[in-house]
Amino acid sequence: MLLLRDTRTEQTLLGTARAHTDLVRDSHAGASAPAALGRKFAATVQAALDSGLYERDTLTGLAEKAAQSARTAPETVVADLLPQLPFLPKQSLSAAGHQAFTRGLSDFLHYYESSGTTGNPVAAPKALDDLIVNTINIGEQWARILDRSDRALILINAPFAPAAYQFEKVLEYLQVMSLRPWVDNITGDYTRVLRLTRELGVTVFVGPPSRLLEMVQFAYRNDEPVPAFDKLLLMAEQTGPGFIRHLERLTGATAYVAAYGSSETGTTAVTCEQGNLHLQTQSYVLELTDDSGTRFIDGSPDRGELVVTTLDMQARPLLRYRTGDLVEIPGTPCPCGVATPLLRTLGRSQDLIVLEGNGIRQNDFEAGLWPEEHSGPTVLNYMLVIRDKAIVCLATTDVPVGEGWTRTTAERIGGLFPGYDLALRPVEKLPPLASLGQYLGWKLSRVLDLNDARNWDRLPAPIRGVVETTLAEYASTSTSEH
């Protein structure tokens with residue numbers, strides 16, 4: 001709980017926390033409460049009347065129906081009324097700004113904004129009630145993984161996004177000691193972070209994979225011990241099996257995609273000890289949409305774009321918000337025993353390299369780069385550069401590599417790009433973009449298309465020279481062959 005001088009507010013929040021904890025535990029046990037969710041939904045629709053996101057004429061009649069249903073048949077209100085609402089596009093939320101709030105700014109506790117990965121940043125402040133609820137949602141799941149003896153490093157360089165603060169509150173909830181340092185994105189100096197990780201015996205890393213990779217690379221380049229952890233709680237980026245396997249090899253830890261959500265929606269899914277993401281159905285109504293239509297997530301196998309309706313964010317309610325994220329519901333029970341449906345992320349709809357009509361996703365490439373069976377030198381991190389029919393994979397490695405290894409690795413991953421020539425080029429350091437996946441998304445941070453001449457400016461001088469030389473060698477080879 002937060003310490004508040006206003007004892008009346010503190011008592012109200014304590015009641016909220018206790019009631020929500022009971023709801024979470026019932027949900028985990030499979031004792032869902034449709035009536036409770038129906039009443040939450042009715043309150044959310046009523047709150048939305050004060051938001052500039054929605055046309056009042058659209059909501060007024062629906063809010064009246066929702067209020068009536070909440071009194072007479074709350075268990076059916078969501079299924080009956082939610083499909084009558086229009087979708088809320090990301091652009092509408094972004095454009096609304098503070099008009100999306102149903103309370104004054106002084107009623108929020110902290111002001112945050114989204115990273116702006118897929119458009120203009122979205123205002124995402126934290127109110128007391130939604131902060132309490134989100135903390136409990138995450139904490140009740142992470143309690144299955146963490147214990148009081150753990151010490152956690154939160155490494156999230158995102159001052160305007162709520163994630164770092166939110167996870168700090170979760171660790172407080174679990175009484176796990178944490179530290180939250182800052183690393184300059186320009187210098188990329190992890191000396192102090194590495195020292196503290198060793199001296200404090202840090203056992204848990206909390207943050208995006210790209211930041212962890214940047215720290216490991218810094219250790220290799222500066223002859224520092226590579227940080228070792230017991231657990232990696234990863235978030236904010238698409239992290240498939242190949243990427244997870246790679247991070248576990250580097251750190252000796254067990255890695256979890258620890259949470260899924262956004263600054264706008266809060267945390268819609270949280271990991272369990274089995275490494276599966278469980279939907280937080282006590283706080284959200286969740287739908288899938290695609291060309292075949294829209295349907296509620298009910299736990300049966302399905303996939304599509306995730307649509308989110310919040311139930312615990314009365315200060316900034318979202319009704320049928322289109323996330324743009326492609327997800328899959330496997331439809332299988334989890335061995336951990338938590339009964340809520342599982343979710344697998346498939347990346348954003350725009351995170352796809354399309355070459356000659358063939359789509360390549362991040363997971364496809366990384367599965368080839370970091371295979372299950374591995375020996376010899378290891379690629380630490382990478383960036384793909386595309387120019388005409390050539391693809392250059394810039395890669396940092398844990399040890400110096402020879403031409404034989406380079407050629408063999410390039411042949412293994414080159415098969416993913418039929419019709420293109422792929423060259424692997426080891427470099428000492430990647431452009432800073434490669435460590436900014438959480439801000440930019442995979443394609444903007446790791447795929448550089450030089451067929452657009454403006455993108456040359458994204459390459460710093462040493463890397464630009466490597467790319468220019470490689471492309472010149474490719475052009476010379478192609479000319480001699482013809």
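Predicted model: local features only at pLDDT ≥ 70, side-chain atom pairs only at ≥ 80, totals over all residues.
Close-up 1. Because Glu-287 belongs to strand β11 (residues 284–290) and Arg-320 to the loop between β13 (302–310) and β14 (321–329), the pair ties together parts 33 residues apart in sequence. Helices (H or I, at least four residues) and strands (E, at least two) are DSSP runs, numbered from the N terminus.

**Close-up 2. The salt bridge of Asp-129 and Arg-103.** The structure holds 18 salt bridges, and one of them joins the side chains of Asp-129 and Arg-103 at 2.9 Å, N to O. This pair links distant parts of the chain, with Asp-129 in helix α6 (residues 128–142) and Arg-103, 26 residues apart from it, in the loop between α5 (90–96) and β1 (108–110). Arg-103 is partly exposed, its relative accessible area being 28%.

**Close-up 3. A network around Arg-295.** Salt bridges link Asp-290, Arg-295 and Asp-302 in a network, within which the side chains of Arg-295 and Asp-290 meet at 2.9 Å, N to O. Arg-295 is partly exposed at 22% relative accessibility, and Asp-290 is partly exposed at 33%.

**Close-up 4. The largest nonpolar core.** A nonpolar core is a set of buried Ala, Val, Leu, Ile, Met, Phe, Trp, Tyr and Cys residues joined through side-chain atoms within 4.5 Å. The largest has 58 residues, of which Leu-153, Phe-205, Leu-212, Met-215, Phe-229 and Leu-232 touch the most other members, and helix α9 (residues 209–221) gives the most to this core, with six residues. Leaving aside residues up to four places away in sequence, Leu-212 touches Phe-205, Phe-229, Leu-232, Leu-234, Leu-247 and Thr-251, contact being heavy atoms within 4.5 Å. A second, separate core of 28 residues includes Tyr-54, Ala-66, Val-78 and Ala-96.

**Notes on the views.** Residues are numbered from 1 along each chain as its sequence is written, and side-chain values use heavy atoms, without hydrogens and water. Local features need pLDDT of at least 70 and side-chain atom pairs count only at pLDDT 80 or more, whereas totals for chains, interfaces and linings use all residues.

Note on methods. Salt bridge = Lys/Arg side-chain N within 4 Å of Asp/Glu carboxyl O. Buried < 20%, exposed > 50% of the residue type's maximum accessible area, 1.4 Å probe, protein only.
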